[in-house]
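Please keep the sequence and the coordinates at hand while reading.

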Amino acid sequence: MSSSASPKLGLIGHPVSHSLSPKIFAALSARLGKPLSYEAVDTPPEFLADTLARLASQEWVGANVTIPHKITAAKLCVSLSAEAKLCGAVNTIKFGAKGPEGNNTDAAGFLDALAELGVKMKGADALIYGSGGAARAVGLGLAKAGARAVRFCARNPASGRRAARALHERYRKTRFSVGAPRPAALVVNATPLGMSGFPDEAPGPVTGCGLAFDLVYGRETAFLRAAKEAGIPGTDGLSMLLFQALRAAELWLGPLPERNALKQALVKDLQ
């Protein structure tokens, strides 16, 4: 790819038509004064490996990865960052000379969003609905933030146990568990429920929690409505989406202007 060509970037998922990511990167391109090509590629699970090979052959620089591919993508990468290894999930791929290199910017993006809210999790308890790639990244972020205990409430308990075991091996000071929901300082919806194309249902109760954080963005989901009815403050996943996108862009393009200011500018651009 010549230096004057627009870097080829995009999003791999199924479905992806609802995604805000193309608009985010169009706004980022304008802010940076740098042409970027960003395409959403709807990829059913059985075609993920073929899609990665095709994008590499077309000289793509990188791609974001979303539901339902984050865990499978990790198995298809030739290398994984420390965060991707701990999560067992990839949300950002960089196409290298030897093949796709897997990274995970979800954990850092989640912590960026908590910091923006002024939420400190050191010594606090958290409840995560889900056990997929996004849930694991949230668990990793909470461990890095010094959370005392993190519980996965998973539809698939075996998946929850694998997530808890992998994270506990690295972060011994955080107690990871799997089981029924219980009161916590923070409750996170890391399931697809409420997302376009999925039922708008709360994954479980929010009562007794201090803050409800839904990774779904751009709508008031049943999860957030339940929090409002219970008098619990809530937030959607837009800030996390923007922060993780900026961190992905840094992996592909190199250093960017000050991240928090750029994120705030993108919020205005998307309104």
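A polar contact is a pair of N or O atoms within 3.5 Å; within protein, one atom must be able to donate a hydrogen and the other to accept it, and residues adjacent in sequence count only if both atoms are side-chain atoms. The model is predicted, so that local features need pLDDT of at least 70 and side-chain atom pairs count only at pLDDT 80 or more, while totals for chains, interfaces and linings use all residues. Residues are numbered from 1 along each chain as its sequence is written, and side-chain values use heavy atoms, with hydrogens and water left out.

With the polar contact defined, T191 can be considered. Helices (H or I, at least four residues) and strands (E, at least two) are DSSP runs, numbered from the N terminus; in these terms T191 belongs to the loop between β10 (186–189) and β11 (211–214). A polar atom of the T191 side chain lies 3.1 Å from the backbone nitrogen of L193. The side chain of T191 also makes a polar contact with the side chain of N189, at 2.7 Å. Is T191 buried or exposed? Buried means under 20% relative accessible area, exposed over 50% and partly exposed in between, with a 1.4 Å probe and protein chains only. T191 counts as buried because its relative accessible area is 16%. Contact means heavy atoms within 4.5 Å; with neighbours within four places in sequence left aside, T191 is in contact with Y129, G130, P203 and V216.

With a relative accessible area of 2%, T174 is buried. Its side chain reaches the backbone oxygen of A147 at 2.8 Å. Beyond its neighbours within four places in sequence, T174 has contacts with A143, A147, R148, A149, V150 and H168.

The backbone also deserves attention. Most residues other than glycine have a negative phi, and most peptide bonds are trans. E59, in the loop between α2 (48–57) and β3, has a positive phi near 65° and is not a glycine. Its relative accessibility of 46% is why E59 counts as partly exposed.

Two peptide bonds are cis. One runs from H14 to P15, with omega near 5°, and P15 lies in the loop between β1 (8–13) and α1. Another joins I67 and P68, with omega about 5°; P68 is found in the loop between β3 and α3. I67 lies in that loop as well, between β3 (62–65) and α3 (70–76). With a relative accessible area of 25%, I67 is partly exposed. Not counting residues up to four places away in sequence, I67 touches G13, H14, P192, M195 and F198.

G133 is placed in helix α6 (residues 133–144) and is buried, at 8% relative accessibility. Which residues does G133 contact, leaving aside its neighbours within four places in sequence? They are K70, I71 and A89.

Axes are lines fitted to C-alpha atoms, for helices over the stretch in contact, and angles run from 0 to 180 degrees between N-to-C directions. Helix α1 (residues 21–32) and helix α9 (residues 238–253) pack at about 60°, with their axes 11 Å apart. α1 is therefore oblique to α9, where angles under 35 degrees count as roughly parallel, over 145 as roughly antiparallel, 65 to 115 as roughly perpendicular and the rest as oblique. S21, I24, F25, L28 and L32 in α1 meet L241, L242, A245, L246, A249, W252 and L253 in α9. By class, this contact has 11 nonpolar, one polar and no charged residues, with Ala, Val, Leu, Ile, Met, Phe, Trp, Tyr, Cys and Pro counted as nonpolar, Asp, Glu, Lys and Arg as charged, and the others, Gly among them, as polar.

Helix α5 (residues 106–117) also meets α9: their axes come within 8 Å and cross at roughly 130°. That makes α5 oblique to α9. From α5, the contact involves D106, A108, G109, F110, D112, A113 and E116, and from α9, S239, M240, F243, Q244 and R247. These residues divide into five nonpolar, three polar and four charged.
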